Amino acid sequence: MKIKFNPNLRFQAEAISSITDIFEGQEVCRTNFTVAPLKRGEGWLDGLEQNDLGVGNRLRILPEDLLTNVQTIQLRNGLAPSEQLDGTNFTVEMETGTGKTYVYLRTIFELQRRYGFTKFIIVVPSIAIKEGVYKALQMTESHFCEHYHNQQYDYFVYDSQKLGQVRNFATSDYIQIMVINIDAFRKSFDDPDKEDKANIIHRPHDRMTGNKPIEFIQATNPIVIIDEPQSVATTPKSKNAIESLNPLCTLRYSATHVDRYNMMYRLDSVDAYERKLVKQIEVFGIDVEDSHNKAYVKLLRTDNKKSPITAQIELDVQQKDGTIKRTKKTIRSGDDLLEVSGGRSVYDGYIIGDIYCEPDNEYIDFTSNNQIVRLDQSVGGVDQDEYKRLQIRQTVEQHLDKELKLNSQGIKVLSLFFIDRVANYRGYDDAGNPIQGKYARIFEEEYQRAIQKPKYHPLFDEVDTATAVNGVHDGYFAIDKKKVAGASVEVYKESRGSGTTQADESAYSLIMKDKEKLLSFDSKLKFIFSHSALREGWDNPNVFQICTLNETTSTMKKRQEIGRGLRIAVNQDGDRVHGFDVNTLTVMANESYESFASQLQKEIEDEEGIRFGVVDKDLFASMPVTGPDGQPSYFGTQASRNLWDHLFETHYIDKNGKVQDSLRIDLKNNNVDLPPDAEPLRGQINATLRKVSGKLNIKNGADRSPVTLNKAVYLSPEFKALWERIKHRTTFRVDFDPKVLIQECADEMKTMVVGKARFRTSRVKLDIDRGGVTWDDASVRESTFTYGARDFQLPDIISYLQNETNLTRRTLVAILQKSGRLGDFANNPQKFVEQTASIVRHKMRTFIVDGIKYEKIGDSEYYAQELFRDHELFGYLSKNMLESEKSVYDYVVYDSDTEAELAKSFEKSDDVKVYAKLPGWFKIDTPLGSYNPDWAVLVDKDGEEHLYFVVESKGTLFSDDLRPAEKAKIDCGRKHFEALDTDVRFAVANNYDSFAQRVAQE
């Protein structure tokens, strides 16, 4: 099959005209001329002397006219206009997968058609991209011949052994396209004694009549196209090499520019996603649950910027409730992880020794064992082969699911695996015969397992499932030759990833030649394994799954990773099939989807200069408007900047353009304040601002506001009377029967489920807009898989439970023996002891509450009313504050919607005279920790008597729906106020109606 190219895509036409219109005003005729080598100091606008060396480009347009053209194009594209040309570098930014290579190749033909330019050089940074460009030239050959009426042109890859191609490049009078790697002409020496160190292109050569090949190139004034300039022209030596070509102008194409000279067109990742020009990204993240039986340590970073040297690690920390949570901690040399982890015995002996910070060699070690943890690596985690097996399983099943959906549409599904060690896919025996690596073996096992599922049977109606795996996967790696038993054998080898070696070239050549073949159903190959270093220069429109099987968390940039499969899919006719319903790229990440999305957003910000949640001054410049003469025009740069100033003055954005919550709120309410001249564009402006604004922040620090005392209430007799009844403190004691506790704990343990450790996969589609890389929580889909390995030692269960419950060893042994569940301890020791401790604590709560007795300490132990005055209180005006007239403060700071509704009702009710949201310092001691009730309320019943209430506001009135510890604390609070004997009622309410019913009962 052949991939078809659509010449009528609007965004590509915009990118092409953004370059060709630069030369508007150039005489529209054949402007080639015979050229001679340039003399230093002669300018490219002055014309050249005639000579018999070749035919070159001529430019006849004044620099000031070029600048005017450039500014007009930039305004049309909504870009900040260049104040001066600053050289003849022109930049086009296009997201990976949107046809960047096609655009600049088509631009070549348009420049020849409109202005007669014929000499073009495409400079690339690596073998990978060189092979990609050459393949694109081959694939588009018939397309361009048809579209440009068989316009004659030649293209070739520069080869220092074929200098005749350079001579032909210079002397031909039709389009010539040379593809050259920067390394082929970066080394140039003026010193005759060092001439043999220079690239051949810079050396005099007999076949070039004694001239240097570079002189033939220079004489043509070529238009230089740099593919991925951030990798080509970043060093002084590389920039000098580009200048040595004597370009008429330099066109720079990339998705991630470092230097943005004269930006002419921009189609960034957000634009491409919003216009559905690339695939939607779906992430499968994997988390490990209930696997805390070993001493897990991961090194996240080291820091020697100040003394002492520190490191950030991730480890399993025991929480106050006895559960284990994987937590980030900053440590220094000498820290004992036994203490850092909250006393977990598995970390006994893990005392931090050296923290080494040398770049690319960062690690930590320990004083009492030989383990070394390197940056981004971990010890004590799950078996990595089991982790990778799950990744492969999920990739295979996602692949087959998409085949069920897309095969009928003529779309072949491909999956790409990146691995960091070739031996993990294929090895060789002593005779040089290939043998399967572990990933190839796991893949075949999981593929055979998956295709046995009935839902996949339609895919294999005429296929023998016993042999279906044969030929569906293969590796694309660098190839090397070595001697085995006297014979020369080709073997796969590691690639350094530089893309400059001959072995690299063999890998890219192979995968490029098969690019179109892979798209055909005639090819059985569907699953591609390649080296993670070979990550640029190759992509395929029908890659729908990408799985990174690194030994550690992927260090490959997310944009490089997804870039291999962003292109819109093609069917068997070679036509693109558009729409996210077809075009979804599933990334099987070896990290959580939250981490993947966060890193992807950071890369987009760093590499594209996109500032999510920020209004740029030129954001509105390209909005179309109708001028006074009825002709279409643009809002313009100055008008856009005036609007930016207005947004800043109205506090919608800060001085850096960062969107504030006030703008998000007004956008939500459709009430944005705009200046009069912007009113006709309100719809467009609001739509643009919504894209930039993103989600409403949970809390905005700039919105933080102090809450002041409402002295009218604070000093009122009613509030003083209320406070007198609730201010005193109490003490408590507990009595219970240990034998009954033992029996009830053992009975409860008989019903507990001690599951093995689990992998949890989370699947979510990412949204990319000007607000950032986000997702809808409601769209997250999860699956769980058991991890059955027993690669851990059993801990001292009695000591652990004794620390957690404070019961005697004898009592705990009795509970475990009576439960009959000790046999499950080996399944998941940490989970077993957590659940056992939880059951024991739960039963203890019941015994505590049933047997607890509170007593008032005395008249001198109480919370003084003055504490309201002495403690500062803060809230967030747009988030959790309600204005109040009856409360002790001028605003009520609430913690939930239930509290907010109660506060509103207290304000409206004539029966409520005064009330207070009880501050955090008002605490009641309980055996389960301190308890802070929600409200103190004084109610006037029928205008005759005052009733005093302490109210606990909950979303439910059913005690069974409350957490056990929460319910127990509420019961303790009730008994506390009963012990005060001050005629205070204790009520639990989920709204004002339920509270009013409680009042009516008095």
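Modeller: Helices here are DSSP runs of H or I with at least four residues, numbered from the N terminus. Glu-834 is found in one of them, helix H24, residues 829–851. Keep in mind that this is a predicted model.

Colleague: Is Glu-834 buried or exposed?

Modeller: Buried means under 20% relative accessible area. Glu-834 has 13%, so the residue counts as buried.

Colleague: How far apart are the C-alpha atoms of Glu-834 and Glu-804?

Modeller: Along the chain, the two residues are 30 residues apart.

Colleague: What is the C-alpha to C-alpha separation of Ile-182 and Val-123?

Modeller: Ile-182 sits in the loop between strand S6 (175–181) and helix H6 (213–219). Its relative accessibility is 0%, so Ile-182 counts as buried. Val-123 is 59 residues from Ile-182 in sequence. The C-alpha separation of Ile-182 and Val-123 is 6.1 Å.

Colleague: Helix H24 again. Which residue of helix H24 pairs with Glu-748?

Modeller: The side chain of Glu-748 meets that of Lys-843 in a salt bridge, 3.9 Å from N to O. Glu-748 lies in helix H21 (738–749) and Lys-843 in helix H24, so the pair ties together parts 95 residues apart in sequence. Glu-748 is partly exposed at 32% relative accessibility.

Colleague: How close are the N and O atoms in the salt bridge of Lys-954 and Glu-966?

Modeller: Both Lys-954 and Glu-966 are buried. The closest N and O atoms of their salt bridge are apart by 2.3 Å.

Colleague: Where do Lys-954 and Glu-966 lie?

Modeller: The two are 12 residues apart. Lys-954 is in the loop between strand S41 (945–953) and helix H27 (964–980), while Glu-966 is in helix H27.

Colleague: How many salt bridges does the structure hold?

Modeller: One of them joins Asp-303 and Arg-301 at 4.0 Å, N to O. Arg-389, Arg-393, Glu-397, Glu-445, Glu-446, Arg-449 and Lys-453 are linked in a network of salt bridges. The structure's total is 44.

Colleague: Which negative charges gather in a surface patch?

Modeller: Take Asp-910, in the loop between helix H26 (897–908) and strand S39 (912–917). Its relative accessibility is 64%, over the 50% cut-off, so Asp-910 counts as exposed. The patch of negative charge consists of Asp-910, Asp-911, Asp-942, Glu-944 and Glu-945.

Colleague: Now the backbone. What is phi of Asn-150?

Modeller: Asn-150 lies in the loop between helix H4 (127–147) and strand S5 (153–157). Asn-150 is exposed, at 62% relative accessible area. The residue is not a glycine, but its phi is positive, near 60°.

Colleague: And Asn-262: buried or exposed?

Modeller: Asn-262 also has a positive phi, about 45°. Its place is the loop between strand S8 (249–254) and strand S9 (263–267). At 6% relative accessibility, Asn-262 counts as buried.

Colleague: What is omega of the peptide bond from Ser-307 to Pro-308?

Modeller: Pro-308 lies in the loop between strand S11 (297–303) and strand S12 (310–318). The bond from Ser-307 to Pro-308 is cis, with omega near -5°.

Colleague: Last one. How many disulfides does the structure hold?

Modeller: A disulfide needs two cysteine sulfur atoms within 2.5 Å. Cysteines are present, including Cys-357, buried at 15%, and Cys-547, buried at 0%. The number of disulfides is 0.

Note on methods: Residues are numbered from 1 along each chain as its sequence is written. This is a predicted model: local features need pLDDT of at least 70, side-chain atom pairs count only at pLDDT 80 or more; totals for chains, interfaces and linings use all residues. Side-chain values use heavy atoms; hydrogens and water are left out. Patches are made of residues with over 30% relative accessible area and no salt bridge: like charges are joined within 9 Å, nonpolar side chains (Val, Leu, Ile, Met, Phe, Trp, Tyr) within 5 Å. Accessible areas come from the Shrake-Rupley method with a 1.4 Å probe; for residues, only the protein chains shown count as cover. Lys and Arg count as positive and Asp and Glu as negative; His and the chain ends are not counted. The place of a charge is taken as NZ of Lys, CZ of Arg, CG of Asp or CD of Glu. Buried means under 20% relative accessible area, exposed over 50%, partly exposed in between (1.4 Å probe, protein chains only).
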